[in-house]
Amino acid sequence: MNKSEFSNHLKIGEVKINDPFWNKISEIVRTSVIPYQYLALQDKIEGAEKSYCIENFIKAGKVVEKIRQGIEPEKYPVDKWEYNDNNCDKNAFHGWVFQDSDVYKWIEAVGYSLQNHPDKELEKKADEYIDIICNAQLDNGYLDTLYIINDRDKTFTNLKDFHELYVFGHMVEGALSYYKATGNRKLLNSACRFADLICNTFGEDKIKGYPGHEIAEMALVKLYDETGKKEYLDTAKFFIDERGRKPYYYDTEHNTKSKGENYHYNQAHKPPREQTEAVGHAVRGVYLYSAMADIAKAYDDDELFGACKSIWDNIENKKMYITGGIGATVDGEAFSFDYDLPNDLAYAETCASIGLIFFARRMAENEVNSHYADVMERALYNTVLSGMSEDGKSFFYVNPLEVLPIASSRDSRKRHIKPVRQKWFSCACCPPNLARLISSLGEYIYTENDNTLFVNQYVGTDIQSDKTNIKVTSDYIENGKVSFEIECKKPFTLALRIPFWCDEYTISEKFENKNGYAFIEISENKNIDVHFNTEVKVIKCSNKVRANIGKVAVTRGPLVYCIEEADNGKNLQMLTLSKTPNFRYKDGIIFADGYREKADNALYSNYTATAFEECKIKFIPYYHWGNRGENEMSVYIRI
């Protein structure tokens, strides 16, 4: 890699979003999702699954107070992934082992929101949560309510399963976001104390372990960027370097012997530098791959970046849904084998696509290649937005590409497929993850190096950097039009991504096309107009994907479309798109000519030519599906 090509993303303070599409969504997150989640964390949403999150921090604070008074607290078993009223004492920890992370993600979303929209009342609520959290921290810096409440003697004894380092990672990210928004260092100071403990605990001459669920690696890099403390970066690198080495640490930890065949789940089957395929739990995977890209950049490590590129290629070209969803199987919430992309069994967790966006941005910071921002766009506008209802008060954990409601209730293989969004989840990683991503969208639009400003996403913004001030006006989703009003502070190059879906485009200035970007030399103030042709397209899938033989998907611009029973009646599998569909587009909806196959009443009969009748087919954006009650849905349609 050439260090001069490395890029950094612009910080939120340098980017102000003003976009007709995203303003509406970010306002839903700010005014609905964040307040809703505030109540959910306190178990105040009627009919929703309990969180126990704040309750656990209050319990842990009481334990810490007892310890300081010299009173030995009760101990409870640390032996399962989920604790509830039916399987543990009422005074013990409740929820999933990673429950603490939900409040940290909420605080991170609040921090990003406050950077864009100061809100003293919201800040006060976050400060109250931070006080409760910091009161639960042990004097040595340790902070994980599962172990503080249940058994302090067992900390760092089950890295493989029980998520202390994962919880720490989200604590750091929440603390950094909140500090940058408010200047309040209380949670950041606590996070640094926990980080210092981790650095003093893990290393070559210490515990040679690494996280079971990755994210601490990314968080330590961010903490290094903020504080300049090299130990944080070195510990992140240690976690990468140690992962997958033999003898396997998880065997040592659990006093077992294996050949690593069961460690694909946490990407610990072989050292990261030797990995070429995306395997295991999809969220863990993209969090690891993101950290690998971070470390590759920080240490100019070509070997590690080479592994990142191989894994990226495997995801983009063999394991990603057209919607940007990843993780095809419910078994382990995991990547499946190459080209195994079932529509009606898809897991495609919201968090996994969010993690894919993290990975994409870091790859874009290492190498100029529009594919990274293309995938970021695909995941952002489709799977990520699908994860939230139009009112921001219900959520999808899983984002399938085909839904038959009766199958979700009667077929055990499809119980994970929900035909309507849920109010909340006991394992509630997705809603706060979604809120923090959308609140931090400004960090995913631009990257820059010494000479070039890269436009990766076409979102209406006002940006300020040492090179330029730019006002971007975007009608990208509706008409593919974007305009740039540029105030040039010093000569630079503006690089505009040419979207993968666009065959025809015009740019009002002379440009050079390279690596999927149009490079324009800027030496004076000027206006630039761009138009990407957003025609409706019919997209086929590789014939190696068995689920989609004889089927196609309909797209327009970055949006994938789907058909719903509410518009097209039951038995969507009987619809066929005409060879000449005569697409009509109006107000976000696509209409097409097609056919409905007449139903066969006999289960089996002699083959005869299929009987069809003409019909009109209505397509809606995929991210809108499921907002009109329980009904069938399909992305792919016969042709």
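Is Lys319 buried or exposed, and what is the relative accessible area of Lys319? Lys319 is buried, with a relative accessible area of 4%; buried denotes under 20% relative accessible area, exposed over 50%, and partly exposed the range in between, computed with a 1.4 Å probe on protein chains only. The structure is a predicted model, in which local features need pLDDT of at least 70, side-chain atom pairs count only at pLDDT 80 or more, and totals for chains, interfaces and linings use all residues. Residues are numbered from 1 along each chain as its sequence is written, and side-chain values use heavy atoms, with hydrogens and water left out.

Asp338 is partly exposed, at 26% relative accessibility.

Arg68 and Asp139 form a further salt bridge, with the closest N and O atoms 2.8 Å apart. This pair links distant parts of the chain, 71 residues apart: Arg68 belongs to helix H2 (residues 53-68), and Asp139 to the loop between helix H4 (120-134) and helix H5 (145-150). Arg68 is partly exposed at 46% relative accessible area, whereas Asp139 is exposed at 57%.

A salt bridge also connects Asp466 with Lys490 (3.4 Å, N to O). Asp466 is in the loop between strands S8 (461-464) and S9 (468-475) and Lys490 in the loop between strands S10 (481-488) and S11 (492-497), so the pair ties together parts 24 residues apart in sequence. Asp466 is partly exposed, at 49%, as is Lys490, at 37%. Elsewhere, a network of salt bridges links Lys237, Asp241, Arg273, Asp301 and Glu303.

Lys537, in strand S16 (residues 536-540), is buried, with a relative accessible area of 16%. The side chain of Lys537 reaches the backbone oxygen of Trp501 at 2.8 Å. With the side chain of Asp503, the Lys537 side chain makes a polar contact of 2.7 Å (a pair of N or O atoms within 3.5 Å; within protein, one must be able to donate a hydrogen and the other to accept it, and residues adjacent in sequence count only if both atoms are side-chain atoms). Leaving aside residues up to four places away in sequence, Lys537 touches Trp501, Asp503, Ala553, Val554 and Thr555, where contact means heavy atoms within 4.5 Å.

How values were computed:
Helices (H or I, at least four residues) and strands (E, at least two) are DSSP runs, numbered from the N terminus. A salt bridge is a side-chain nitrogen of Lys or Arg within 4 Å of a carboxyl oxygen of Asp or Glu.
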